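This briefing covers side-chain packing and pairing in one protein model. Please look over the sequence and structure before reading the points below.

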Amino acid sequence: DIVEFVERQRQPRPKNQDDLSDEFDENLERDGTCKLCGATKRITLHHLIPKLVLKRMKNAGKDRVDVSQYLVEVCSKCHGELHRLWGHGELAAEYQTVDKILAAPEIQPYLLWKRKRERTLE
């Protein structure tokens with residue numbers, strides 16, 4: 001029944017070899033510099049091609065998908081803004097590079113605000 005299904009979904013699932021490594025976990029903060037605003041704190045990884053799309057690519061017959069080539073360091077605030085502005089499909093189709101993200105008109109007001117804020121915190 002539906003209650004059992006929901007309970008099964010809540011239980012932690014064992015990791016298998018096909019799971020993406022913790023090395024590429026976007027939620028783990030690390031040292032680095034945000035490629036969008038220049039911040040040096042609370043740096044996370046953004047998957048330029050969302051993990052779900054990468055898994056689908058792998059399942060569609062690609063023998064090896066090099067996840068590392070689709071990663072970029074961004075601060076947690078910029079990371080949140082990327083996902084607020086665009087869904088996974090749009091990110092995968094239109095914004096697979098930092099240059100494409102930086103050129104997008106939708107993100108310009110945020111970047112102006114964030115970069116100014118970062119300069120005042122120095």
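**Side-chain packing and pairing**

Lys35 is partly exposed, at a relative accessible area of 41% (buried means under 20%, exposed over 50%, partly exposed in between; 1.4 Å probe, protein chains only). The model is predicted: local features need pLDDT of at least 70, side-chain atom pairs count only at pLDDT 80 or more, and totals for chains, interfaces and linings use all residues. Residues are numbered from 1 along each chain as its sequence is written, and side-chain values use heavy atoms, with hydrogens and water left out.

**Salt bridges**

- Three salt bridges are counted, each requiring a side-chain nitrogen of Lys or Arg within 4 Å of a carboxyl oxygen of Asp or Glu.
- Lys35 pairs with Glu73, with the closest N and O atoms 3.3 Å apart; Glu73 is partly exposed at 22%.
- Because Glu73 sits in strand E2 and Lys35 in the loop between helix H1 (2-10) and strand E1 (43-47), this pair ties together parts 38 residues apart in sequence. Helices (H or I, at least four residues) and strands (E, at least two) are DSSP runs, numbered from the N terminus.
- Arg84 and Glu81 meet at 2.7 Å, N to O, and lie three residues apart in helix H3, about one turn. Arg84 is exposed at 58%, whereas Glu81 is buried at 11%.
- Lys114 and Glu118 have their closest N and O atoms 2.6 Å apart, and both residues are buried. They are four residues apart in helix H6, so about one helical turn separates them.

**Aromatic pairs**

- The whole structure holds two aromatic pairs. Rings of Phe, Tyr and Trp (its six-membered ring) pair if their centres lie within 6.5 Å; planes under 30 degrees apart count as stacked, over 60 as edge-to-face and the rest as tilted.
- Trp86 and Tyr95 are stacked, at 4.1 Å centre to centre and 25° between the planes. Trp86 is buried at 3%, and Tyr95 is buried at 10%.
- Tyr110 and Trp113 are tilted, at 5.8 Å and 45°. Tyr110 is buried at 11%, while Trp113 is partly exposed at 45%.

**Nonpolar cores**

- The largest nonpolar core has 20 residues; among those touching the most other members are Leu36, Cys78 and Trp86. Such a core is a set of buried Ala, Val, Leu, Ile, Met, Phe, Trp, Tyr and Cys residues joined through side-chain atoms within 4.5 Å.
- Strand E2 (71-75) gives the most to this core, with three residues.
- A second, separate core of six residues includes Ile49, Val67, Tyr70 and Leu71.
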